Amino acid sequence: MSEALATADLPALPLGPISPAKARILAVAVDLFYERGYERTTVRDIAERAGILSGSLFHHFKSKQEILYTAMAATTQAMGEAAVAATEGVGDPREALRALMLAELSAIHREDGHAAYVLVDEWRSLDEEHRAAILKLRDGAYERAWRDTLDALGAAGRLRNNPRIARQLIRGALAWSRHWMREDGPLDLASLADEVLKTFVRD
């Protein structure tokens, strides 16, 4: 059976509740994708670590590709919800941008999982249909919160860059921090958000 799914077969967005059994498989798969990479992880590997038979896994997911897609979709949806929550009721766009940065950094550096890492590192492992579905989800509440905040700063003359360029540069800076930032280093997440904020926003 091919791992590529037709667009019509993709789960509806946004994702609904995920059963405990599926959540367990997803958590195990994310850990394995982080440790070994998507290509080097087999369905058998995922099933063994989850404590189930390979055949049982296919009762929950059609393929390894669908597991990766669902993990990425769930992560993207959660980050969108966090972005909305972080900016709700924040009137100053500078403070809203700081809140968005801190929410994203918290997702990237969270101690209880590697979902944000996998979202970035295994992006090319998604087939075209699944990638389009993730982009559709990302361009909803998640990117809308960033876009509205950066546009407000730009309109007020407080942003040092074009809002679209600033978004891409900020995205890269926050994602790359996982490669160099250490828990015992001189910066915590809030301090890092402040440093990035100073780079892009005028007081």
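Trainee: Where is the place of Val-118?
Mentor: Val-118 is in helix 6. Helices here are DSSP runs of H or I with at least four residues, numbered from the N terminus. Please note that this is a predicted model, in which local features need pLDDT of at least 70 and side-chain atom pairs count only at pLDDT 80 or more, while totals for chains, interfaces and linings use all residues. Residues are numbered from 1 along each chain as its sequence is written, and side-chain values use heavy atoms, with hydrogens and water left out.

Trainee: Why does Val-118 count as buried?
Mentor: Buried means under 20% relative accessible area, exposed means over 50%, and partly exposed lies in between, with a 1.4 Å probe and protein chains only. Val-118 has 3% relative accessibility, so it counts as buried.

Trainee: Which residues is Val-118 in contact with, leaving aside its neighbours within four places in sequence?
Mentor: Contact means heavy atoms within 4.5 Å. On that basis, and with those neighbours left aside, Val-118 is in contact with Val-30, Phe-33, Tyr-34, Leu-68, Met-72 and Trp-123.

Trainee: What makes the pair of Tyr-34 and Tyr-117 tilted?
Mentor: A pair of aromatic rings is described by the distance of the centres and the angle of the planes. Rings of Phe, Tyr and Trp (its six-membered ring) pair if their centres lie within 6.5 Å; planes under 30 degrees apart count as stacked, over 60 as edge-to-face and the rest as tilted. The centres of the Tyr-34 and Tyr-117 rings are 5.3 Å apart and the planes are at 40°, so the pair is tilted. The structure holds 2 aromatic pairs.

Trainee: Why is this pair said to link distant parts of the chain?
Mentor: Tyr-34 belongs to helix 1 and Tyr-117 to helix 6 (residues 115–121), 83 residues apart.

Trainee: Are Tyr-34 and Tyr-117 buried or partly exposed?
Mentor: Tyr-34, at 36% relative accessibility, counts as partly exposed. Tyr-117, at 13%, counts as buried.

Trainee: Why is helix 1 called roughly perpendicular to helix 4?
Mentor: Two packed helices are described by the angle between their axes and the distance between the axes. Axes are lines fitted to C-alpha atoms, for helices over the stretch in contact, and angles run from 0 to 180 degrees between N-to-C directions. Angles under 35 degrees count as roughly parallel, over 145 as roughly antiparallel, 65 to 115 as roughly perpendicular and the rest as oblique. Helix 1 (residues 20–36) packs against helix 4 (residues 64–87) at about 95°, with the axes 10 Å apart. That angle makes helix 1 roughly perpendicular to helix 4.

Trainee: Which residues meet there, and of what class are they?
Mentor: Ile-25, Leu-26, Ala-29, Val-30 and Phe-33 in helix 1 meet Lys-64, Ile-67, Leu-68, Thr-70 and Ala-71 in helix 4. Ala, Val, Leu, Ile, Met, Phe, Trp, Tyr, Cys and Pro count as nonpolar, Asp, Glu, Lys and Arg as charged, and the others, Gly among them, as polar.

Trainee: What makes helix 4 roughly parallel to helix 7?
Mentor: The axes of helix 4 and helix 7 (residues 128–138) cross at roughly 10° and come within 9 Å. This crossing makes helix 4 roughly parallel to helix 7. By class, their contact has 6 nonpolar, 4 polar and 2 charged residues.

Trainee: Why does Val-30 count as buried?
Mentor: Val-30, in helix 1, has 9% relative accessibility and therefore counts as buried. Not counting residues up to four places away in sequence, Val-30 touches Ala-71, His-114, Ala-115 and Val-118.

Trainee: Does Lys-22 count as buried or partly exposed?
Mentor: Lys-22, also found in helix 1, counts as partly exposed because its relative accessibility is 25%.

Trainee: Where does Thr-41 lie, and why does it count as buried?
Mentor: Thr-41 lies in the loop between helix 1 and helix 2 (43–50). Its relative accessibility is 1%, so Thr-41 counts as buried.

Conventions
Helices (H or I, at least four residues) and strands (E, at least two) are DSSP runs, numbered from the N terminus.
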